[in-house]
Amino acid sequence: MHLPHQRGPLHDLPDTPEAYDAVLADVTEQALARITPDGNLEHPDAVDDIGDTSLGVTSLLAFAWQRTQDPRLPEGVRRSLAFHLRERVYVEDNPGYPNLKVRNSGLPYAHYTLAAGAHPIGDWPSTVWALLQTVNLLDTTDGLVDDEQRTELLELAHGYWRWLTEATFFNPQEAGNQAIGCVVGGLMLARHLPEEQGEAVRARALELYADKIRAHRVRDRGALLPPEHGGAYDNNYGPISLSFLAQAHRVSGEEIFAEDGDTLARYIDARLTTGGFDIGGPRYSEQHSGFESVLGLRYFSRRIGSDLGRYRGDTRWGRHAAQADGGIDGHFAWMLIWQIQDGTRWHREPATAAARHQLRSGTVSVAFADRMTPAVVEAGGTYYLPAAVNRQHGFGPVTDGFLHCRPMGEVRVRDLRADGLTAKLVTKPVVGRDHVLRHVRSLYVTDGTRLWMTVAVERLPGSPYLLAGLPYAADDGDRVRRVATGEVAAAGELRLTHPEPERTDHFDARSETTQELAAFALAADPRGYGNPDEGWRHLVASTALEAEPAPGVPGDLHVFAVRYGAEGPFSPEFELGEQGLTVRTEAFTAVIGEPAGDERGEPRLTLRG
């Protein structure tokens, strides 16, 4: 079984002018074959997110005409534009729409679905998308349509802007990508309005960004991020927000968009595994964007100097939005146009500087969550998620059902490179159910192909073990395949356990249920509206790798040692001395300093191959 949405890295898609011309040529042939006598370019299977889609295909035809001067296109552009202006512009309030500030304003907006009163909550983003399709047409139809159509198009764009910013509450779904998209629409619209009017729209767009988006950023993993559907980041919509920040910077030149884009890009870089796998978010846990992310990932990969294109997108949408039959949909069409217009090329090399929430070398990576517990471990092409025991999630020592991974105080981090090895030492104070404070010292070392994790903690009562992850997925060519095992060895006894009861709050990796579906089943609200991350936190138990303590450890310590990415014998040695705990493996010797650290309390670590 493959994960449905995570496919090939986005930078693998050719982005030369010739490749894009081939995409536009395909769009042209599809559109000319589809257009109805009344000018409709909507895909016949489209139902949701439809209010801007015919206009989106129109904008692609206009853009293609700019590049090719294909004589078949002007008639199709004029006829399809007339269809939208005549059939898809709504000025009467949609029954049931809950977010109006002004009733019966008469301002134009777009429907999420065509039927009046059906799912009206989607009208705000649909109108943002319609605004963006409209301003893109204003950019590309000079000399292509007559003055009357062009004037009507400009009035429509201004009306959409006013509906979004005057007649309704701004950003009612707390969705950063929608909100920044609206700001981009205002910035692009301003360039087409008379000077005084345009300056007012531009100023309002910048004000909305500062007061309604930037001022409400949410902190996660050390970064302030635009909130996405009520959470800090969503692995589908987050990269789309990055694309909107790229376009905002391109059209306005305002450094605030570049600065915030750099922050979001570095955050994405830290959470992405080497293979581009990512998981989690307040809207969809495992769904991934495709072409909608390319502009932002490519633009900011160059700015921050790191390979963001390894992001595994949904390449079924690698060029444009498509329905199940592969036919073009028109949704988000402006993103294809913007990425063609932007001349930035991919930065394909990974960043080499150490980052707090990331350990990465070769084909091995660890993405750390806010509390510096691994969020995803990647080694040997397999991805391990935090396992769950007794409603607690993470990687760490377990005793009597209690997982020692939640810090009670400052978390310290030390990064080190030596002899071709990359290491990160994380030390955190943890309080158990017995109210005893213990220092958990976790050392992660990689040679680029294997990962060693060594965890030392003051001796625990009972029969402790290390919760060492939930094997979940593995690379399989340009796809990601579900798995329930991985290449793992441990110094003590290692077992792979599965929850026994067949209950919703128990996750067995051997089943064909994805993490996303399991998380939505536990969420408080329906799929697509609930928070799958929040639902997943209700998980009681999961498939788990459990490692017994290493035998023969001196002193009053429990030490757990696990190696990911290679099977076979694994017999590390441990020695306690004045400098701390010495760890010897087949690939390195490390000395983990005492919990007190140096004179500033920072952890001590030495490493050699």
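This is a predicted model: local features need pLDDT of at least 70, side-chain atom pairs count only at pLDDT 80 or more; totals for chains, interfaces and linings use all residues.
1. Strands (E, at least two residues) and helices (H or I, at least four) are DSSP runs numbered from the N terminus; two strands pair if DSSP finds at least two bridges between them.

2. Strand 24 pairs with strand 25 (residues 580-584) in the antiparallel sense, over five bridges. G577 has G580 of strand 25 as its bridge partner.

3. Helix 10 (residues 291-304) has 14 residues and spans 20 Å from first to last C-alpha, close to the 20 Å expected at 1.5 Å a residue; the expected span is 1.5 Å times one less than the number of residues. G305 follows helix 10 and has a positive phi, near 70°.

4. Helix 10 is largely enclosed by the rest of the structure, because 12 of its 14 residues are buried (under 20% relative accessible area, 1.4 Å probe, protein chains only). Among the buried residues are E292, R298 and I304. Their cover includes helix 1 (17-34), helix 8 (237-252), helix 9 (255-271) and helix 11 (333-341).

5. Residues are numbered from 1 along each chain as its sequence is written, and side-chain values use heavy atoms, without hydrogens and water. Local features need pLDDT of at least 70 and side-chain atom pairs count only at pLDDT 80 or more, while totals for chains, interfaces and linings use all residues.

Key:
Buried means under 20% relative accessible area, exposed over 50%, partly exposed in between (1.4 Å probe, protein chains only). Contact means heavy atoms within 4.5 Å.
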